[in-house]
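Have a look at the model, then follow along below.

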Amino acid sequence: MILLFIKQIILNISFLFCKLRNRFYIFFNINRIIILTLHEIPNNNFQDLKNTLNHLKLKHGFISPTDLENFFLGKKMNFGIKYLLTFDDGLISNYLFAKNVLSELSISSIFFIPVKFIMLKSKNDQMDFILKNFCDGNQNSIYYNSIKKKHSMSWDNLAELINDGHTIGSHSFNHPNIKQIESEEKLKLEIVKSSDFLNDKLDVKINHFSFPTGTFKAINYKSYLMAQKHYSFIYSNIRGMNSINNKILWRDDIHAFDNSDYNLKVSLGSYHLFYFFKRLRMKLSLKLYV
Ligand SMILES: [Zn+2]
């Protein structure tokens, strides 16, 4: 109880700090992008999440994946702080949320797909995949309990999302811990061939790759180098703001089932300060010194 109270106070102080920081970037027209990551979105959380995204849209605005590409190509933009929305894991709720909510808010997002999950035809196989590959076999995890009876999007759903102006990225083939893979062939399947499957099936070039889990424990220099040769944009799941100098992109995870007020604070960057050393550690391990 006391610990929770202290956590709340720290979060609120950090929230005030990040509000000041955000105002500074906006006042001096310094471009920074905050990338949000979502996973499963239960039906009954659609409205709350819509309110949070709408608030961010009115306050700062969202850019599309194409805007992000142009920004990194050096196209002149003065926007202060903007948001980009991404989804990991290819769950059907992501498609439904895009059709019902994102279309109304006119937000274009990136959907990161673990390819094998989409390829599995039977629901039982998909449920096995969810337990083994998303949740490390842990039946007690919060994530497992929120998705254990769910299933993936179909290829047709993905094609429809592309038609609606969204972008598809690779989230590996099997959703493994990539850092633990030693075989070159297996590494290639996860990083390079995963995008070939998407490309063949959907007839679009895949420029974006998000590492499964996306923390320091799941990314190493070898896998980063392979991803860097193959993709224009590589995403972690470490919190932080992005500038044009980022070689690996930071993302802020938000959970649809958390309350709107908390999600808003997290989305505005309240945890960024606490992730300074995680970002530094990741950059050093990937030999990125900028
Ligand atoms: Zn994932």
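## Strands side by side

Three bridges join strand β2 (residues 81–88) to strand β3, and the two strands run parallel. Strands here count as paired if DSSP finds at least two bridges between them. The strands themselves are DSSP runs of E with at least two residues, the helices are runs of H or I with at least four residues, and both are numbered from the N terminus. If you want a spot to start from, find Thr86: its bridge partner in β3 is Ile110.

A word on what you're looking at: this is a predicted model, where local features need pLDDT of at least 70, side-chain atom pairs count only at pLDDT 80 or more, and totals for chains, interfaces and linings use all residues. Residues are numbered from 1 along each chain as its sequence is written.

## Around β3

Are the faces of β3 (residues 110–113) covered or open? Both are covered: Ile110 and Phe112 on one side are buried, and so are Phe111 and Ile113 on the other. A residue is called buried if 20 or more other C-beta atoms lie within 10 Å of its own, exposed if 12 or fewer do, and partly exposed in between, with C-beta atoms placed from the backbone.

There's also a helix in the story. β2, helix α4 (residues 92–105) and β3 make a right-handed β-α-β unit. Right-handed means that, with the strands pointing away from you, the path from the first strand over the helix to the second runs clockwise.

## β1 and its partners

Now for β1. Strands β1 and β2 pair in the parallel sense over seven bridges, and Ile33 has Lys82 of β2 as its bridge partner. β1 also pairs with strand β7 (residues 252–253), again in the parallel sense, through two bridges. There, Thr37 stands opposite Asp253 of β7.

How many residues of β1 are buried? Six of the seven are, so this strand is largely enclosed by the rest of the structure.

## Two helix pairs

Two packed helices are described by the angle between their axes and the distance between the axes. The axes are lines fitted to C-alpha atoms, for helices over the stretch in contact, and the angles run from 0 to 180 degrees between N-to-C directions. Take helix α2 (residues 46–59) and α4: they pack at an angle of about 25°, with their axes 11 Å apart. Phe46, Lys50, Leu53, Asn54 and Lys57 of α2 make the contact with Phe97, Asn100, Val101 and Leu105 of α4. Contact means that the C-beta atoms of two residues, placed from the backbone, lie within 7 Å.

The other pair is α9 and helix α10 (residues 221–230), packed at an angle of about 15° with axes 10 Å apart. These two are roughly parallel to each other as well, and their crossing is right-handed. Leu187, Ile191, Val192 and Ser195 in α9 meet Ser223, Met226, Ala227 and His230 in α10.

Lys57 sits in helix α2 and is partly exposed, with 15 other C-beta atoms within 10 Å. Leaving out residues up to four places away in sequence, Lys57 touches Phe62 and Leu105. Its C-alpha atom is 20 Å from that of Glu69, twelve residues apart along the chain.

Lys123 lies in helix α6 (residues 123–134) and counts as exposed, with 12 C-beta neighbours inside 10 Å. The C-alpha atoms of Lys123 and Leu264, 141 residues apart along the chain, are separated by 34 Å.

Two loop residues have a positive phi without being glycine. Asn29, with phi near 55°, is in the loop between α1 (2–27) and β1 (32–38), and is exposed, with 10 other C-beta atoms within 10 Å. Asp203, with phi of about 60°, is in the loop between α9 (184–202) and β5 (208–210). Asp203 counts as exposed too, with 9 C-beta neighbours inside 10 Å.

Conventions:
Parallel < 35°, antiparallel > 145°, perpendicular 65-115°, else oblique. Left-handed = near helix turned anticlockwise from the far one by under 90°.
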